[in-house]
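Hello,

Here is the structure I promised to pass on. Please open it first, then read my notes below.

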Amino acid sequence: MCSYLFVLAMVGLKGIFREADQDLRYHNHWRCQQESITHLCFVDDLMIYYQADKDSVRVLKRALDDFAVLLGLVINPNKSHVFLLGVDDDLKASLLDLLGFRLGSLPVRYLGVPLITTRLKHSDCMALVERILSKIRFWTSTFLIYASHLQLIKFVLFSIQVYYSTMFILSCSIIRKIEGLLVVFL
């Protein structure tokens with residue numbers, strides 16, 4: 001039922017964005033103009049694309065405020081990020097102040113995985129290695145028998161690697177590093 005409510009709310013938001021798009025001060029992101037993409041919804045997340053200028057941000061902020069008044073759904077500024085590229089620091093500060101959101105950094109992570117269009121670099125995979133390593137450190141501090149270590153590797157740690165591997169081709173060095181960590185933990 002919650003999924004349907006989210007979809008209905010996003011249809012309402014689409015109407016509000018369509019109305020905001022009629023405002024001459026609002027400009028879509030230059031890469032999204034041809035397809036008229038204003039936003040994308042993923043499960044319970046929302047990505048909004050717009051031009052990084054004060055007028056567009058004011059129109060966007062007004063549209064989000066209208067959405068909050070209309071549906072009673074308020075955006076959480078602690079969980080919201082703004083991604084600005086090619087914008088000078090003064091404009092960046094004023095846009096962040098207008099929206100009240102935090103500045104995000106790329107690559108964006110969604111469901112724990114970086115959203116990138118290129119092949120994963122070694123540095124992109126280090127988050128995976130760190131995640132496995134943090135679990136190993138936590139479990140090393142507890143007194144577990146050999147069989148428990150084996151079960152944790154089999155059903156938790158290896159599953160994390162498989163999750164990444166279903167979306168990306170991991171480099172051999174990352175796979176060897178993870179296997180080394182699992183062997184030491186065992």
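Which residues of α6 are buried? They are Ile174, Ile178, Leu181, Leu182 and Phe185. Buried means under 20% relative accessible area, exposed over 50%, and partly exposed in between (1.4 Å probe, protein chains only).

Before more, a word on the source. This is a predicted model: local features need pLDDT of at least 70, side-chain atom pairs count only at pLDDT 80 or more, and totals for chains, interfaces and linings use all residues. Residues are numbered from 1 along each chain as its sequence is written, and side-chain values use heavy atoms, leaving out hydrogens and water.

Back to α6. Seen down the helix axis, the buried residues of α6 fall within an arc of 95°, so they line one face of the helix. (The arc is that of the directions from the helix axis to the C-beta atoms.) An α-helix has 3.6 residues a turn, so residues three or four places apart point the same way. On the other side of α6, Cys172, Arg176, Val183 and Val184 are exposed.

What covers the buried residues of α6? The cover includes α4 (122-140) and α5 (146-165). Contact here means heavy atoms within 4.5 Å. Helices (H or I, at least four residues) and strands (E, at least two) are DSSP runs, numbered from the N terminus.

Now α4. Its buried residues are Asp124, Cys125, Leu128, Val129, Ile132, Leu133, Ile136 and Trp139. They pack against α5 and α6.

Last, Phe42. Phe42 sits in strand β1 (residues 39-42). Phe42 is partly exposed, with a relative accessible area of 31%.

Best wishes
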